[in-house]
Amino acid sequence: PASMLALVGGVGLMPFGPGTFGALAGVPLGLGLQTMPLLPGLALIAVTFVLGVWACGVTAVRAGVHDHQAIVFDETWAMTAVIAMAPAGWRAVAVGFIAFRLFDILKPWPIRYIDRQVGAGLGIMLDDAVAAVFALAVLALSWRLGWL
């Protein structure tokens, strides 16, 4: 069950861009969470973060690699969180998706530091959580400037 979750049911086995496909899997989940009341939605995001720490950690140990590219639950979770907290509309989805993937790939400070220094499942999940916070900041600024 841990590996099935960490690989998002096999999405992580895509031969190219597994992280991008993992993030795409989070879009409909985030859109679903947008329809929930705020507190239950945030509780679900928190619980699935903890579940992801466990699943990604177990799978990384089994794979013998800290953050194997097939482990994409972290991208799915982060994209779900971004979309769930984003303004409504496809423009916000697109901006949130692009911003998250850029921060996840480029790993500006402190994302790269977390990726390299925090071990196990917590490190796998936490660097994407910070990338999600950065993407949400881009969305907030875009909304504030009237671009969304």
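Let's start with a term: a residue is buried when its relative accessible area is under 20%, exposed when over 50%, and partly exposed in between, using a 1.4 Å probe and protein chains only. What we have here is a predicted model, where local features need pLDDT of at least 70, side-chain atom pairs count only at pLDDT 80 or more, and totals for chains, interfaces and linings use all residues. Residues are numbered from 1 along each chain as its sequence is written, and side-chain values use heavy atoms, with hydrogens and water left out.

Now, the aromatic rings. Rings of Phe, Tyr and Trp (its six-membered ring) pair if their centres lie within 6.5 Å; planes under 30 degrees apart are stacked, over 60 edge-to-face, and the rest tilted. That rule gives 3 aromatic pairs. One of them joins Phe-16 and Phe-21 edge-to-face, with 5.8 Å between centres and 75 degrees between planes. Is Phe-16 buried or exposed? Phe-16 is exposed, at 54% relative accessible area, while Phe-21 is partly exposed at 29%.

Phe-103 and Phe-134 also pair edge-to-face, at 5.3 Å and 85 degrees. This pair links distant parts of the chain, 31 residues apart: Phe-103 sits in helix 5 and Phe-134 in helix 7. Helices, by the way, are DSSP runs of H or I, at least four residues, and strands are runs of E, at least two, numbered from the N terminus.

Finally, have a look at helix 3. Its buried residues include Gly-41, Ile-45 and Phe-49, and among the elements covering them are helix 1 and helix 7. Contact here means heavy atoms within 4.5 Å. Just after helix 3, Gly-64 takes a positive phi of about 75 degrees.
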